[in-house]
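Here's a quick tour of the fold you're about to see.

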Amino acid sequence: MLIQQALFITMLFLNSIQSLFNDDNKSGFLDFLNTTGVSFNRIVFARYLTGVSLCLISSIFSFLVNLIIYVFYKNLPLKSYLFIGLLTLCISLMYMLILIPFIYLFNQNGLTIAVILIILIAFILSKVNHSALKISNFFINLLT
């Protein structure tokens with residue numbers, strides 16, 4: 001339950017930035033940047049820096065919410081809450097690193113294509129050599 005809540009908060013933050021990237025072509029922002037002399041590499045770096053910063057901020061916010069839950073309920077050890085925060089950060093970073101190129105390659109359909117690709121990769125990994133079982137055992141061993 002906590003992992004779903006943490007991921008929901010993080011993905012809510014990340015999907016809110018998607019419209020910023022989508023509107024770059026519509027608003028003429030990229031054309032404006034071409035007139036300023038800013039290199040394309042710096043623009044891409046700034047986009048990734050924004051995405052990673054948002055991942056960090058949303059993961060910290062999500063961790064603080066989980067910490068408040070820990071203070072009041074203490075139904076899991078603190079190590080589990082730290083692990084959930086770290087897992088949320090890793091998933092959000094992977095999502096953002098996939099999302100940005102897909103948004104620029106496929107415009108508004110980029111998010112849909114990226115999500116379908118992520119689901120497809122997860123499905124394929126779950127069918128290969130019992131990898132889902134191995135991954136879940138790895139996480140269980142970390143928590144114990």
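## The chain overall

Of the contacts (heavy atoms within 4.5 Å) in the protein chain with a separation of 6 or more, 72% are between residues 24 or more positions apart. The chain has six helices and zero strands, with helices (H or I, at least four residues) and strands (E, at least two) taken as DSSP runs numbered from the N terminus. Buried residues (under 20% relative accessible area, 1.4 Å probe, protein chains only) make up 29% of the 144 residues.

This is a predicted model, where local features need pLDDT of at least 70, side-chain atom pairs count only at pLDDT 80 or more, and totals for chains, interfaces and linings use all residues. Residues are numbered from 1 along each chain as its sequence is written, and side-chain values use heavy atoms, leaving out hydrogens and water.

## Helix 3

Helix 3 covers residues 40-73 and spans 49 Å from first C-alpha to last, close to the 50 Å expected (1.5 Å times one less than its number of residues). Its buried residues include R47, G51, L54, C55, S58 and S62.

## Helix 4 against helix 5

Helix 4 (residues 78-106) packs on helix 5 (residues 109-127) at about 135°, axes 7 Å apart; axes are lines fitted to C-alpha atoms over the stretch in contact, and angles run from 0 to 180 degrees between N-to-C directions.

Technical notes: Buried < 20%, exposed > 50% of the residue type's maximum accessible area, 1.4 Å probe, protein only.
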